[in-house]
Amino acid sequence: MLSKSKIFFKGIVAVLPHMLSVIPFGIITGAIGVELGFNPILVYATSLIIFGGASQIIFMQLLSGGASSLVAITSVGVINSRHLLYGAVLSEYLEKLSFIKKLFISYFIVDQGFAESNKYLRQNKNLSNPHYYVLGTGVTLWFCWQLSTISGIILGSFIPEELGLKFAIPLTFLAIIVNDLRKLDHVFVMLVSGFASLILFDAPFKSYIILSPIVALIAAFIMLRLKK
Amino acid sequence: MTWLSIIISGIVTYFSRMAMVALIDREMLGTKVKEVLNYVPAAVFPAIIFPGVFFNDFGLLVEITDPKIYGAIVALVVGFYSKSVIATIVSGLLSYWFIIFFLLR
């Protein structure tokens, strides 16, 4: 049986490759905030309090562009609502925890951490302390995110823009799902989501981020019914 | 005012992380819902990948010759066979850089 610290460590190792995109993205986020004219402490506060890359950038861009607080907050809420789906999946592995521990661990639910935890825990259903894996991925991503936004705030965007490192973001997520391309039903759901996102891209409040998954999950539901 | 917006955004975001974990009992989800939840990664991540590859910074569709498309194809093939996260990201970035720094100059 694996000890708690071993499971935690496995979680850390699983998300390390994603740092290739998380760290540059964090630096860019910090640098953009300062460039937009926000107080550095305020920029950092978004990393600590909101803790969600894309939503932080949109939030600061909207406010600096003169949008109302309501619009900025709504956009953050819409973009981050995808965590509801992550929580619904991960709750299978977290349901035995006390309420306080659930409240604590929830703060660390992030895209890449969710994806790696889901992948590993699904294949190791009998693991005794699965939440340590979730925590290992989440805490690692949290530290790297905090440190990289701070360095972006202090040093500015020292990553040359010509490198086009923004492209690392779709690549990280591609790396997450590429293995599921072996399963046709998953490929179908991916294509529905992908094309939906292209069509819905201009929907208000960046809502394509949650609308496309909803469309894709409805398609999955219909597919499952037809298969039976 | 900005501080208040950050705090409210933080609460909203935290709620989205916490609600399904701490407030919802798993018994409440039917077997059908649980089955559909298997597809969450397949449903969420393409909605981040597709716009990142097929749209430019101004939200316009890129041309079929865009380096990002070829970088993504290389990453896809390498990832599919290697099953390695790091190989997927690195191969995608390297092929993308090869195109923009060598082929397009």
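In the predicted model, chain A contains 12 helices and 0 strands, where helices (H or I, at least four residues) and strands (E, at least two) are DSSP runs numbered from the N terminus. The order of its elements from the N terminus is α-α-α-α-α-α-α-α-α-α-α-α. The radius of gyration of chain A, 18 Å, is close to the 17 Å that the globule rule gives for 228 residues, so chain A is as compact as a globular protein of that length. This radius is taken over C-alpha atoms, and the globule rule is 2.2 Å times the number of residues to the power 0.38. The C-alpha trace of chain A spans about 55 × 45 × 35 Å along its principal axes.

Residues are numbered from 1 along each chain as its sequence is written, and chains are lettered from A and ligands numbered from 1 in the order in which they are written. Because the model is predicted, local features need pLDDT of at least 70 and side-chain atom pairs count only at pLDDT 80 or more, while totals for chains, interfaces and linings use all residues.

Of the 228 residues of chain A, 50% count as buried; a residue is buried if 20 or more other C-beta atoms, placed from the backbone, lie within 10 Å of its own, exposed if 12 or fewer, and partly exposed in between. Helix H6(A) is mostly covered, with 10 of its 12 residues buried, among them Tyr86(A), Val89(A), Leu90(A) and Tyr93(A).

Those four residues of H6(A) meet Phe114(A), Ser117(A), Asn118(A) and Leu121(A) in H8(A), contact being defined by C-beta atoms, placed from the backbone, within 7 Å. H6 (residues 83-94) and H8 (residues 111-123) of chain A pack at an angle of about 40°, with axes 11 Å apart. H6(A) is therefore oblique to H8(A), since angles under 35 degrees count as roughly parallel, over 145 as roughly antiparallel, 65 to 115 as roughly perpendicular and the rest as oblique.

Chain B has 6 helices and 0 strands. Its radius of gyration is 20 Å, whereas a compact globule of 105 residues would have one near 13 Å. Of the 105 residues of chain B, 41% count as buried. Among contacts between residues at least 6 apart in sequence, 27% in chain B join residues at least 24 apart; the corresponding value in chain A is 73%.

Between the chains, 73 residues of chain A are in contact with 57 residues of chain B.

Terms used
Axes are lines fitted to C-alpha atoms, for helices over the stretch in contact, and angles run from 0 to 180 degrees between N-to-C directions. Two residues are in contact if their C-beta atoms, placed from the backbone, lie within 7 Å.
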